[in-house]
Amino acid sequence: MTYRHLFISIGLIIFNTLAWCQSIEIKLQALIDSVFMADPTSIGIMVHVESPEKDLSWSGASGYADAEHMTALEPDQPALIASSIKPYVSATILRLQELGELSIEDPIDSRLTDATVSLFESDGYEMDEIRIKHLLSHTSGIQGYDSYAFLDSVSTQPQFRWTRDALLNQAVLMGDPQGEAEDLFAYSDANYLLCTEIIEGVTQKPFYSSMRELLKYAEL
């Protein structure tokens, strides 16, 4: 093979790689555009694809960040993580177990503040029977606070800052325990709020700082 043929071959490989990346990115953008257009109630869609095997790291968006003012949604627009944070919280708890700082078999009354334990015991919860694993798996029997009535009340006071303590108090106000620990599955955000308190009790840092360190955000 001559040098000329070698350069042509390398050029074709680079061109085909770039063409493939451009092609898949165009296809991905067309896909989310079509999903957005197909649903008239859509406000905006954001997608990120990370595929090291295919040398692809792509973000795309379709729709609006502000539908009223027709502000376009950008791929790097900040977005509410909502319940997607739960896997990070559970992974942090498991990391602390790996480090020997706690066990998911620990009863939660030994891991929470006295104020939180007293709050739930006043509503009939047996905090020494509920284990960390029950919080992680939503089998604690703890009542949720995210009813439609509560969500409607939140929308009437959008500037109010809900703290963890306020939300846990709301969970107690919503009703009695749903059952004994491990007896039933009942999704409740309160379970994971309690996990964040446990993380802070062990690390003596805000839970979000502990997650960054223990899950090695910077390295990953």
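Within helix 3 (residues 114-121), T116, V117 and F120 are buried, a term for residues under 20% relative accessible area, with exposed meaning over 50% and partly exposed in between (1.4 Å probe, protein chains only). Viewed down the axis of helix 3, the buried residues fall within an arc of 100°, so they line one face of the helix; the arc is taken from the directions from the helix axis to the C-beta atoms. D114 and A115, on the other side of helix 3, are exposed. The cover over the buried residues of helix 3 includes helix 6 (164-173) and helix 7 (189-203).

This is a predicted model, in which local features need pLDDT of at least 70 and side-chain atom pairs count only at pLDDT 80 or more, while totals for chains, interfaces and linings use all residues. Residues are numbered from 1 along each chain as its sequence is written, and side-chain values use heavy atoms, leaving out hydrogens and water. Helices (H or I, at least four residues) and strands (E, at least two) are DSSP runs, numbered from the N terminus.

Helix 2 (residues 86-98) contains T92. T92 counts as buried because its relative accessibility is 0%. Leaving aside residues up to four places away in sequence, T92 touches I199, M211, L214 and L215, where contact means heavy atoms within 4.5 Å.

The strands come next. Strand 1 (residues 44-51) and strand 2 (residues 56-66) run antiparallel and are joined by 8 bridges; pairing requires that DSSP find at least two bridges between two strands. G44 stands opposite G63 in strand 2. These strands form a hairpin with 4 residues between them, and D55 in the turn has a positive phi of about 55°.
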